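Here is a friendly walk through the packing of one protein model. Please have the viewer open and follow along.

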Amino acid sequence: MTNLFDLQQQRRSIYALGQNIDLTEAEVSELIFKTIKETPSAFNGQGSRAVILFGEANNTLWNDITASALKPLIPAEYFPNTQAKLASFAGGVGTILFFEDQDIIKGFQENVPLYAENFPVWAEQSNGMAQYATWMALAEQNIGANLQHYNPVIDEAVAAKWNIPSNWKLRAQMPFGSIENPADAKEYATVEDRFTTYNK
């Protein structure tokens with residue numbers, strides 16, 4: 001329990017990312033895919049999908065696709081700050097694109113209609129667990145990461161660039177790399193505000 005708790009505290013949103021990690025691209029990929037493989041899912045649907053972008057692909061995601069998609073949406077005076085933020089993501093080793101297979105959800109909705117409205121919710125929960133588990137696995141290797149949600153504004157361009165199946169829905173993006181600057185101290189809400197227990 002201590003190791004898990006320590007790892008939970010170690011996992012933070014790291015925005016100053018670099019390329020100085022000890023693992024190879026193959027080792028990082030194996031770590032990520034094994035972690036997602038073991039993530040629980042409702043009815044063992046296993047609908048979480050992931051694409052890992054390294055090198056030039058990572059740069060293309062942030063400095064080309066995302067910057068181009070955001071530029072028309074952001075006032076010109078604020079766009080340089082956005083560009084700097086995107087460049088920080090591109091400065092890492094890579095980015096994990098998390099998807100959810102919509103065909104899995106539809107199949108369960110058709111085959112188990114009693115819970116039809118719940119399957120999209122359960123899929124989101126499972127995908128969130130996959131993201132968190134992956135984040136923890138990276139933290140254990142002293143690899144920093146943060147979680148972004150530029151979907152749906154980048155969905156079409158991402159799908160076209162990397163031949164993403166039409167039934168995969170983009171849910172989140174996780175840039176990762178070496179920790180060039182640690183996260184700031186974290187503030188916590190009180191136990192009383194967040195938790196309660198009963199025994200009757």
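Gln131 touches Phe98, Leu147, Arg171, Ala172 and Met174, leaving out residues up to four places away in sequence; contact here means heavy atoms within 4.5 Å. Before going further, please note that this is a predicted model, in which local features need pLDDT of at least 70, side-chain atom pairs count only at pLDDT 80 or more, and totals for chains, interfaces and linings use all residues. Residues are numbered from 1 along each chain as its sequence is written, and side-chain values use heavy atoms, with hydrogens and water left out.

Gln131 sits in helix H6, residues 119-140. Helices (H or I, at least four residues) and strands (E, at least two) are DSSP runs, numbered from the N terminus. Gln131 has a relative accessible area of 9%, so it counts as buried. The cut-offs are under 20% relative accessible area for buried, over 50% for exposed, and partly exposed in between, using a 1.4 Å probe and protein chains only.

How far does H6 reach from its first C-alpha to its last? The span is 31 Å for 22 residues, close to the 32 Å expected at 1.5 Å a residue. That expected span is 1.5 Å times one less than the number of residues. Just after H6, Asn142 adopts a positive phi of about 60°.

Two packed helices are described by the angle between their axes and the distance between the axes. Axes are lines fitted to C-alpha atoms, for helices over the stretch in contact, and angles run from 0 to 180 degrees between N-to-C directions. For helix H5 (residues 102-111) and H6, the axes come within 9 Å and cross at roughly 140°. On the H5 side, the contact is made by Ile105, Phe108 and Gln109, and on the H6 side by Phe119, Pro120 and Ala123. Sorted by class, this contact has five nonpolar, one polar and no charged residues. In this scheme Ala, Val, Leu, Ile, Met, Phe, Trp, Tyr, Cys and Pro count as nonpolar, Asp, Glu, Lys and Arg as charged, and the others, Gly among them, as polar.

H3 (residues 55-70) holds Thr60. Thr60 is buried because its relative accessible area is 13%. Apart from neighbours within four places in sequence, Thr60 is in contact with Ile65, Lys161 and Trp162.

The axes of H3 and helix H7 (residues 155-162) come within 11 Å and cross at roughly 150°. Ala57, Thr60, Leu61 and Ile65 of H3 make this contact with Ala157, Val158, Lys161 and Trp162 of H7. The residues involved divide into six nonpolar, one polar and one charged.

Leu70 is also found in H3. Its relative accessibility is 9%, so Leu70 is buried. What does Leu70 touch, not counting residues up to four places away in sequence? The residues are Phe79, Thr82, Leu86, Tyr150 and Val153. The C-alpha atoms of Leu70 and Ile154 are separated by 8.7 Å, with the two residues 84 apart along the chain.

**Strands E2 and E3**

Strand E2 (residues 48-54) has six of its seven residues buried, so it is largely enclosed by the rest of the structure. E2 pairs with strand E3 (residues 94-101) in the antiparallel sense over seven bridges; two strands pair if DSSP finds at least two bridges between them. Within this arrangement, Arg49 stands opposite Phe99 in E3.

**Backbone details in the loops**

Asn151 and Pro152 are joined by a cis peptide bond, with omega about 10°. Pro152 belongs to the loop between strand E4 (144-145) and H7.

Phe43 lies in the loop between helix H2 (25-37) and E2, and Asn44 lies in the loop between H2 and E2 as well.

| Residue | Phi | Relative accessibility |
|---|---|---|
| Phe43 | near 55° | 46%, partly exposed |
| Asn44 | about 55° | 54%, exposed |

Phe43 has a positive phi in a residue other than glycine, and Asn44 has a positive phi although it is not a glycine.
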